[in-house]
Amino acid sequence: MDSAGQDINLNSPNKGLLSDSMTDVPVDTAVAAQAPAVQGLTEAEEEELRAELAKVEEEIVTLRQVLAAKERHCGELRRKLGLSALEGLKQNLSRGWHDVQVSSAYVKTSEKLGEWNEKVTQSDLYKKTQETLSQAGQKTSAALSTMSSAISRKLGDMRARPFSHSFSSASIRHSISMPAMSELSGSGGISRG
């Protein structure tokens with residue numbers, strides 16, 4: 001693509017780095033002169049429109065040059081202030097996220113998700129599931145607490161006994177697992193079958 005046909009993208013990471021050939025794009029009035037005149041225009045109107053077109057194209061070139069100079073100046077100021085490209089990117093992302101949040105599509109989607117959340121949390125199935133999970137959590141917590149106290153009790157007993165009796169593996173396994181298991185099956189948490 002030639003530089004005359006390029007579009008200036010102000011959100012580009014290369015903004016401010018316009019090439020000199022881009023800022024000095026010549027206006028090709030010869031191509032415009034070869035185009036057939038629109039029917040219904042007088043020669044005077046056509047000349048007036050061509051003059052206005054040349055003027056507008058000249059203004060565009062001037063504006064591109066001014067924009068490039070302003071972007072270079074902005075870059076110099078940022079460099080002097082110690083602002084990095086990363087901070088500029090962060091500001092652009094923040095601004096972009098804000099723009100998304102205030103967009104009508106985002107607002108409508110948020111409202112719809114809020115409505116769905118309301119419907120789901122008010123449903124009987126959700127309430128039953130929440131209640132079941134809460135009960136399961138309470139039973140699990142009780143079982144872990146019981147097992148912890150049984151282990152602590154057994155370790156306390158082991159400290160009080162002589163070393164040779166305290167390390168019988170069958171004795172340890174039996175005394176740790178049985179109190180916890182019997183309390184679990186008694187509370188309805190685990191059924192033996």
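Let's start with helix H6. H6 has 37 residues. From first C-alpha to last, H6 reaches 54 Å, close to the 54 Å expected at 1.5 Å a residue. That expected span is 1.5 Å times one less than the number of residues. Helices here are DSSP runs of H or I, at least four residues, and strands are runs of E, at least two, numbered from the N terminus.

A word on the source. This is a predicted model, where local features need pLDDT of at least 70 and side-chain atom pairs count only at pLDDT 80 or more, while totals for chains, interfaces and linings use all residues. Residues are numbered from 1 along each chain as its sequence is written, and side-chain values use heavy atoms, with hydrogens and water left out.

Which residues of H6 are buried? They are Ala-143, Thr-146, Ala-150, Lys-154 and Met-158. Buried means under 20% relative accessible area, exposed means over 50%, and partly exposed is in between, using a 1.4 Å probe and protein chains only.

Now the whole chain. The protein chain has 8 helices and 0 strands. Of its 193 residues, 10% count as buried. Take the contacts with a separation of 6 or more: residues 24 or more positions apart account for 51% of them. Contact means heavy atoms within 4.5 Å.

Next, how H6 meets helix H5. H5 covers residues 104-122, and H6 covers residues 124-160. They pack at an angle of about 65°, with axes 5 Å apart. Axes are lines fitted to C-alpha atoms, for helices over the stretch in contact, and angles run from 0 to 180 degrees between N-to-C directions. H5 brings Val-120, Thr-121 and Gln-122 to the contact. H6 brings Asp-124, Tyr-126 and Lys-127. By class, that is 2 nonpolar, 2 polar and 2 charged residues. Nonpolar covers Ala, Val, Leu, Ile, Met, Phe, Trp, Tyr, Cys and Pro; charged covers Asp, Glu, Lys and Arg; the others, Gly among them, are polar.

Look at Thr-121, in helix H5. Its relative accessibility is 23%, so Thr-121 counts as partly exposed. Leaving aside neighbours within four places in sequence, Thr-121 is in contact with Tyr-126 and Lys-127.

One step back, to helix H4, residues 85-102. The axes of H4 and H5 come within 4 Å and cross at roughly 60°. H4 and H5 are therefore oblique to each other. The cut-offs: under 35 degrees is roughly parallel, over 145 roughly antiparallel, 65 to 115 roughly perpendicular, and the rest oblique. On the H4 side, the contact uses Trp-97, Val-100, Gln-101 and Val-102. On the H5 side, Ser-104, Tyr-106 and Val-107 take part. The classes are 5 nonpolar, 2 polar and no charged.

H4 also holds Gly-88. Why does Gly-88 count as buried? Because its relative accessibility is 14%.

Last, the record. UniProt, in an unreviewed entry, places a "coiled-coil region" at residues 39-73. UniProt positions follow the numbering used here, feature names are shortened, and annotations may be inferred rather than shown by experiment. In the model, residues 39-73 are 89% helix and 0% strand.
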